[in-house]
Amino acid sequence: MNQIFRFLIIIVPILILVFFTKVLLIDEGNKSINFESKIFPEFEMRDLNGNQVSAQSLSGIKILNVWASWCITCRVEHPYLMNLSKKGIPVVGLNYKDEKEDGVEWIERYGNPYKTILYDYKGTLAMDLGVTGAPETFLIIDGKIVVRYQGEVNELIWNDVFLPVIKKKDIF
C-alpha cells in the first residue's frame, strides 16, 4: 500500500505536467483561418451613406472586412487596410453592430479604405456569414468565400494567408 501511494505521488504530478504542457503547446494560430469554399449569401441592405446595396452590386469586390467603431483590434488593423486600398486592392467594409453615427465618425477620423461600407446594425449579414466578432476578413472570388480569417489582418497574415490564394487564382 505504501509503495502504491509513493508511486501515485510521483506519477500523478508528472501526468498533470505532461497534460498541461501539451495543452499549452497546441498551435492556436490556424484555428482562425478557414479555406472552406462557401457561397456568399444574397442580401439587400443599406450602406453607411444610406444607399441600397445588394450582393449583385458587389460582384467585382474581392475582400470583405468586418469592423466596428467599438472594436479595438479593428483600429489596430485599419492602417494596413488603408495600405491595401492604396495598392489598388478593392476592400468592402461591413460595419457590424455599430451605431451609424459612430461608424461615420470613425471613418472620418481614421480614413476610408473601403469601396463600399455595408451597414449591418442588427448583424444579419454577419450572421449569414458566420461572423463571431470583429474584425473578420473574407476573400471572395466569383461569389464564393474562399478564405475567412478571424482577427487582425496585417502584413504577416496578408502574406501568409491571403496572398498565396490570390497568387494561385491569379487575381489582382
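Predicted model: local features only at pLDDT ≥ 70, side-chain atom pairs only at ≥ 80, totals over all residues.
Where in the chain is the place of D142? I open with that residue because D142, at a relative accessible area of 68%, is exposed, and its place is in the loop between β8 and β9. Phi of D142 is near 50°, which is a positive value in a residue other than glycine.

Most residues other than glycine have a negative phi, and most peptide bonds are trans. Against that background, K97 also has a positive phi, near 45°, and this residue sits in the loop between β6 and α3. K97 is partly exposed, with a relative accessible area of 44%. The peptide bond from A134 to P135 is cis, with omega near -5°, and P135 is placed in the loop between α4, residues 124-129, and β8.

Helix α5 covers residues 155-169, and its 15 residues reach 20 Å from the first C-alpha to the last, close to the 21 Å expected at 1.5 Å a residue. At its N-terminal end the helix is capped by N154, with a side-chain oxygen 3.1 Å from the backbone nitrogen of L156. Further along, at F162, there is a kink of about 45°, shortly before the proline P164.

Which residues of α5 are buried? They are I157, W158, V161, F162, V165 and I166. An α-helix has 3.6 residues a turn, so residues three or four places apart point the same way. The elements that cover the buried residues of α5 include β1 at 33-34, β5 at 63-67, α2 at 72-86, β8 at 136-141 and β9 at 144-150. The largest nonpolar core has 50 residues, and W158 and F162 are among those with the most contacts inside it, together with F43, L64, L118, L129 and L139. The largest share of this core, six residues, comes from α5.

Helix α2 can be described along similar lines. Its 15 residues should span 21 Å at 1.5 Å a residue, and the end C-alpha atoms are 23 Å apart, which agrees. Here too there is a kink, of about 40°, at H78, shortly before the proline P79. The buried residues of α2 are C74, E77, H78, Y80, L81, M82 and L84, and they pack against β5, α3 at 100-110, β8 and α5.

N95 is found in strand β6, residues 91-96, and counts as buried at 0% relative accessibility. What does the side chain of N95 make a polar contact with? Its partner is the side chain of D98, at 3.0 Å. Leaving aside residues up to four places away in sequence, N95 touches a set that includes W67, G103, I117, L118 and Y121. I117, for its part, lies in strand β7, residues 116-120, and counts as buried at 8% relative accessibility. With the same exclusion of sequence neighbours, I117 touches D47, L48, W67, G93, N95, I107 and N112. I117 and G103 are 14 residues apart in sequence, and their C-alpha atoms are 9.5 Å apart in space.

Definitions and conventions:
Residues numbered from 1 in each chain as written. Heavy atoms only, no water. Helix = DSSP H or I, 4+ residues; strand = E, 2+ residues; numbered from the N terminus. Expected span 1.5 Å × (residues − 1). Bend = angle between axes of the 7 residues up to and from the residue. Buried < 20%, exposed > 50% of the residue type's maximum accessible area, 1.4 Å probe, protein only. Contact = heavy atoms within 4.5 Å. Polar contact = N/O pair within 3.5 Å; in protein donor to acceptor, adjacent residues only side chain to side chain. Core = buried A, V, L, I, M, F, W, Y, C linked by side-chain atoms within 4.5 Å.
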